[in-house]
Amino acid sequence: MKKLIPLIGLLASTGVLAAGPAPATPFPYFVANCFNCHGTEGRVNSAIPSIAGRDREYLEAALTAFKAGTKQATIMHQLAKGYTDEEIAVLADYFSRQK
Amino acid sequence: MTRFNPDRRRLLQALGGSATLLGAAVLPGSALAAPGKNKKLGRVVVVGAGFGGATAAKYLRKWSNGAIEVVLIERNKEFISCPASNEVLAGNRDYASIVHGYEGLKKNWGIKVVHASMIAVDVDKRKVKTDHAGEFDYDRLVVSPGVDFLFGAVAGYDEKAQEKILHAWKAGPQTVALRQQLVDLPDGGVYIQTIPKAPYRCPPGPYERVSQIAHYFKTHKPNSKIIVLDGNDQIISKGKLFKGVWDNDYQGLIEYRPNWNITEVNAETRIVTSEIGDRERGDVINLVPPQHAGKIAHDIGLVNANNRWVNIDWVTLESTAVKNVHVLGDATLSAPLMPKSGHMANQHGKAAAAAIVEILAGRQPQPTLLANTCYSMVDDRRAIHVDSVHRYDSEKKTPLVVPGSGGVSAAPSIEEGLFTRAWAKNIWSDILT
Ligand SMILES: Cc1cc2nc3c(=O)[nH]c(=O)nc-3n(C[C@H](O)[C@H](O)[C@H](O)COP(=O)(O)OP(=O)(O)OC[C@H]3O[C@@H](n4cnc5c(N)ncnc54)[C@H](O)[C@@H]3O)c2cc1C
């Protein structure tokens, strides 16, 4: 926890996205794995549901349940097994912030 | 914009000790700050605006927040999708629905789209030469040329023969022409499908095509017959599912012959011959030839795997033969269990864009995850899928399927038919708008 404090400070002051040699954290490019089906940034109007701007807890619970095989699915139960729990938290957080 | 809140605190804690690719979960969809604050990071020339190249072009612009200039060189005026083209053959979809424009990439993303062919490159001066649109300097070059055909592998399959014996393995005029041959075929006619030995573009593609044409015959020409001459020893993708559909729904319509490797065709008599001298005659023959990386990859010295494919570094997708040149999609020597698919080419495009943004911003690119899905329509409504998630293995230096991830459909379903059509619409839009 203590270690995180300087990181948080940096996030708040400069933003981690600035170009430069040493950003605090890289962009989680793997979120784009979901764009081909759920639309760029998870935004879509189709039989495959939109996941942009959905509640973070809901998304995390849904992905965790897909991974555990406790939520009915045609494909998400197989895809979710490819991601770690930490990555699922990143995915849920990322898509919850898209409009 | 990057305000801190308790949810983020919890998340950052979760991420504290995890892999390097994680972390910036809280941030909007660009990896760099607002464009005004950035100096220009350089220019990338992308050659081939298909599933891989067009995706790379869009995401280079998006993730660099416009700081990378992108020139996209494509010889065709339109994007014509191979995915969903099998449905067009069966009359289950309009041809117009698989044809898309490049306006979105120009208007939404400020990409300079040049309709010309790349013919050469000067790797020292970092300059691409085109046939009629001049030359373009680059900091990084991305090449996603798809496949070309090894016509010489089948005797008699010369240019003239290709007008009658179609491949339709690049969507476009060949798709329209094969549809017409099927419409003109009298009820009771014989359709031959030949399949090359793997690897080739889209492993389930030929079997989807057979299913689509079987559906057309069943509903329009019930006395017709399909002979499948497969160079492989079995159906190489979703085998049980395709076989189940063929046995249950297209009984008596399809004759399947494994290990039938075509080596000769006579376009006049419409007879095909195998390597051991077996012969078959068809009224319509669809010959899917063996393939290799697109011609330009050979011309510029990228091909260094079995004289057919391009070896790449799986973190940056940079060619191992030529520096500063990244290669995507079907042209690459595939990683273990990684198919040559449009879905995967789209993933390659994103991975290369991510790596190039990081490199041009002066940072170290990190391996990312790659996932694949191939849907196949088995009639006018039902579909099946195969999927996998691939994670970079830093010892083996290649992506490997995450154990336990992926799989195939439990059974063909109408629900997945709807998802298949949504997939096509959504991936076209992810690539082009
Ligand atoms: C019948 C069929 C069905 C398929 N179905 C599916 C499916 O359902 N799902 C799926 O994921 N995949 C499917 N695929 C596979 C998919 O089409 C390919 O894997 C995908 O197109 C590969 O992308 P790419 O970028 O490597 O090549 P392409 O998409 O072929 O793009 C290459 C581009 O480069 C251009 N080009 C080449 N050389 C030059 C040059 N010198 N100068 C300028 N331009 C050049 C070409 O004109 C072309 O536009 C199917 C394929 C077929 C044939």
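Taken over C-alpha atoms, the centres of domain 1 of chain B and domain 2 of chain B are separated by 29 Å in this predicted model. The domain assignment of chain B places residues 6-148 and 292-432 in domain 1, while domain 2 runs over residues 150-290. To the contact between them, domain 1 of chain B contributes 39 residues and domain 2 of chain B contributes 32 residues.

The area buried between the two domains of chain B comes to about 2900 Å², and carbon and sulfur atoms give 59% of that area.

| Item between domain 1 and domain 2 of chain B | Count |
|---|---|
| Salt bridges | 3 salt bridges |
| Polar contacts, both residues at pLDDT 80 or more | 18 residue pairs |

On the side of domain 1 of chain B that touches domain 2 of chain B, the elements giving two or more residues are helix H3 (85-89), strand E10 (147-149), strand E20 (370-377) and strand E21 (383-393) of chain B. Of these, H3(B) gives the most to that side, with 5 residues. By residue class, the side of domain 1 of chain B that touches domain 2 of chain B divides into 20 nonpolar, 10 polar and 9 charged residues.

A salt bridge can also be described at the level of individual side chains: those of B:Asp330 and B:Arg201 meet in a salt bridge with an N to O distance of 2.6 Å.

Note on methods
Residues numbered from 1 in each chain as written. Chains lettered and ligands numbered in written order. Predicted model: local features only at pLDDT ≥ 70, side-chain atom pairs only at ≥ 80, totals over all residues. Heavy atoms only, no water. Domains from an automatic or database assignment. Contact = heavy atoms within 4.5 Å. Buried area = accessible area lost by both parts, 1.4 Å probe. Salt bridge = Lys/Arg side-chain N within 4 Å of Asp/Glu carboxyl O. Polar contact = N/O pair within 3.5 Å; in protein donor to acceptor, adjacent residues only side chain to side chain. Helix = DSSP H or I, 4+ residues; strand = E, 2+ residues; numbered from the N terminus. Nonpolar A, V, L, I, M, F, W, Y, C, P; charged D, E, K, R; others polar.
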